[in-house]
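Subject: Structure handover

Hello,

Here is the structure we discussed. My notes on it follow below.

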Amino acid sequence: MKRPELISRILIITGILLAVGAPLFLWARTPLIHARMAEDGGWNPDVIQAEAGKPLHLKLTSDDVVHGFAVGQMDMQSVDVIPGKVTDITLTFDKPGIYTFYCTRWCGINHWRMRGTIEVSGSPSDPEPAIVPLYVSLDLDIDAPHDSPVIPIEKPSAISGQQFASNLPIDQSTDYYRSNAPYQVFDELTNASLTEQQSWDVVAYLWQSNTTPESLANGKELYAQNCAACHGENGAGDGVFADDLAEAGEASMQTMEGAMNMVMQNPVDFTDPRRMLGASPALLQGKILRGGMGTGMPMWGVIFTEEQIWDLIAYIYSFQFEYDK
Amino acid sequence: MNRIELTRNSFIKNALKSRYPQLAVFIVMLVGYIFAILAGLIGTPVGSQNFSIVFVWIAWWAILILIAVPFFGRGWCAVCPIPLPGEWLQRGAVLSPPDKRPKWLNLRVPKMFRNIWLQNISFLLLALFSSVLLTTPNITGIVLVAMLFAAIGLSIVFERRAFCRYLCPVGGFIGLYSQTAPIELRIKDKQVCVTCEGKPCYNGSQVGYGCPWDVFPGGMTKNTFCGLCMECIRTCPHDNIAINLRPFSADLAKPTARLDEAFKAFIMFGAAMIYPGVLLGPWGTLKDAAYNVGTGTWFIYAAVFLAIIFIVLPGIFTLGIMTTKGRQSLKQRFMSLSTALIPLGLMFWVAFSLSFVLTNASYILAALSDPLGLGWNLFGTANAAWQPMLTTILAPAQTLALVVGLVWSARTAQKVNEAGTSTIPVIIYCFVATSIMLWLLL
């Protein structure tokens, strides 16, 4: 073989090997976490391993639309995951355990199914006793109907209720507030010499006195980010996905692997007094923690801290009560 | 007609005669092609950020349809990497002279396939899947691989470049429109070829290979099937091959005389009119139908697409020319007058391509820095924002292209038409089609 032929063959083969090998090598060395809409697979991988105390570097990319990334129960700012771009993020976990990461952008009607877990290994330095949620310790059946038999004519006012409450021997403790539905408190006030509307105003005051403007503001933010897509900005169950969810119905539930024969329900209307005044904060805690079990309502227990859930509940009641601004 | 022989310039001539400059370009193109395949298969599935989509369907397409075809004819074929691995395997060499005995089957392509119907079909197949192909990197990667292996397979079974000549979906329309280009490869003196012994330009010799495109340069009157591979410049023992600059559309004075080529003109003409509606138009239902391949609506879309190209456009054209009388048969007049659609079709493609190329060209910067979507920033442009370019001149440029195309086609119709027959129906046909394009694009 003549020298030019040999050199040209070597050049061609080298070029082909480089064109194939270099991208493959670099691709294999860059593990990405791909985000796709839940219908197309959600997060991939959806289980990530980490070690407590050691920084975890993640490279996130979206294969379709804009998604967001955050880790539940962790004090972190969510980051956007842009189609075709790579978002770098470093996380450090103090304690071992299983953490849930989730999408923070309303990417589609199955947005809330976009979750994965980070398994953080390490020996727990200070084992913490498991805290039993209030709804469990109260043994509440959170799936039982809980409509209030009576509802106020006007939206109860905490400002108005304050003047009556001071003369009444009512329990204003947090435990009492969390364990009782507004209607139950209203019921206990029947012996007081108040009109029905005044009694409801006292209930509103009691609910306001068990929260703070900071908690309400925090709850409002959490609600806007995580709940409004389905339940609506004003709590009326008319979020941007509500119509799509109703339309998708059973079909939507069947798109996921392992889904049972379930039918998507319309999101709850928080402005409905019959439903909301019959629900105690503990009951709502159970619903938020556990989720709706086949209704389309996701479980938030792995995402929100207990404090965040109480803040959220306080805000949800503001759709029923007129609070002091 | 005036022509300027570029190969009189010794630099140009030597550069074309030598195999090394071409080989250097070939290696770069092949590496780029393989990288585009890899990017399509393993890179981000987001088309606008993937090298394969951005470089094939935006950068390459822009260069091809706006520069290479109008000004260099089959200039792209001269550097195309697709046939190279097959050709090198077929020859058993990259540079060395060919063996006397063929290394593979070396069959002649059966006569029934020695036309461009297969190219018409392969183009239409890609055209029907184009909404998915143009936006989905792994589909683009698969198509690029398929073309590479089809070329290798055909090179092993058949002689010469059977893939380029008879199957390549791109080569078909490049050949059609190369007739309008102001560049040509032709012989200098016909008598030299007549008396030339052994015809090494076609049969090969110790200094080079016989025409890979299965064309005898001595009889060539059109650019259509000359791939500008420059092999005949190397093999001609009489220095009788020239690359000429010539007036635009010189080949169109000789009308089309084949039905496959006439229909190629209609396929390209029709596709150029359908694409703006599907890809740029405001009709969501149409876009969905084109994108959702395999669904009922897609089959309806495909049927309408094919009906427009094979029935509606040729049908109206035929009705138009039936109103005139001539010595030639209707079929002959159909083929001959279809030549008039070639310049207008090319200008339709130019006008349509300007829209999406200028709209999407800014993706090139981002894809250059991060071709696989792995978070690289090789040239600091990975986060370049999407920005449509030259928006103020887009509409005037498209209008100009269409008007030029219309005038060009009208003149072509007059040139190819037999004396005494009216070309008014063809001109009206072109005018109506141009008006529809203006409405679709502006």
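What radius of gyration would a compact globule of 442 residues have, and what does chain B have? The globule would be near 22 Å and chain B has 22 Å, which agrees. (The radius is taken over C-alpha atoms; the globule rule is 2.2 Å times the number of residues to the power 0.38.)

This is a predicted model: local features need pLDDT of at least 70, side-chain atom pairs count only at pLDDT 80 or more, and totals for chains, interfaces and linings use all residues. Residues are numbered from 1 along each chain as its sequence is written, while chains are lettered from A and ligands numbered from 1 in the order in which they are written.

Overall: the C-alpha trace of chain B spans about 65 × 60 × 40 Å along its principal axes. Chain B holds 21 helices and 3 strands. (Both are DSSP runs numbered from the N terminus: helices are H or I, at least four residues; strands are E, at least two.)

Domains: chain B splits into domain 1 (1-254) and domain 2 (256-441), with bounds from an automatic or database domain assignment. Their C-alpha centres lie 23 Å apart. In chain B, 38 residues of domain 1 are in contact with 36 residues of domain 2. (Contact means C-beta atoms, placed from the backbone, within 7 Å.) On the domain 1 side, H3(B) gives the most, with 10 residues. That side has 26 nonpolar, 12 polar and no charged residues. (Nonpolar: Ala, Val, Leu, Ile, Met, Phe, Trp, Tyr, Cys and Pro; charged: Asp, Glu, Lys and Arg; polar: the others, Gly among them.)

Helix pairs: H14 (residues 259-280) and H18 (residues 341-360) of chain B pack at about 20°, axes 9 Å apart. (Axes are lines fitted to C-alpha atoms, for helices over the stretch in contact; angles run from 0 to 180 degrees between N-to-C directions.) That makes H14(B) roughly parallel to H18(B). (Under 35 degrees is roughly parallel, over 145 roughly antiparallel, 65 to 115 roughly perpendicular, the rest oblique.) Contact residues include Phe266(B) and Phe269(B) of H14(B), and Phe348(B) and Trp349(B) of H18(B). The contact has 16 nonpolar, 2 polar and no charged residues.

H20 (residues 391-416) and H21 (residues 424-441) of chain B cross at roughly 170°, with axes coming within 10 Å. H20(B) and H21(B) are therefore roughly antiparallel. Among the residues that meet are Leu402(B) and Leu406(B) in H20(B), and Phe431(B) and Leu438(B) in H21(B). This contact divides into 11 nonpolar, 5 polar and no charged residues.

Best wishes

Conventions: Contact = placed C-beta atoms within 7 Å.
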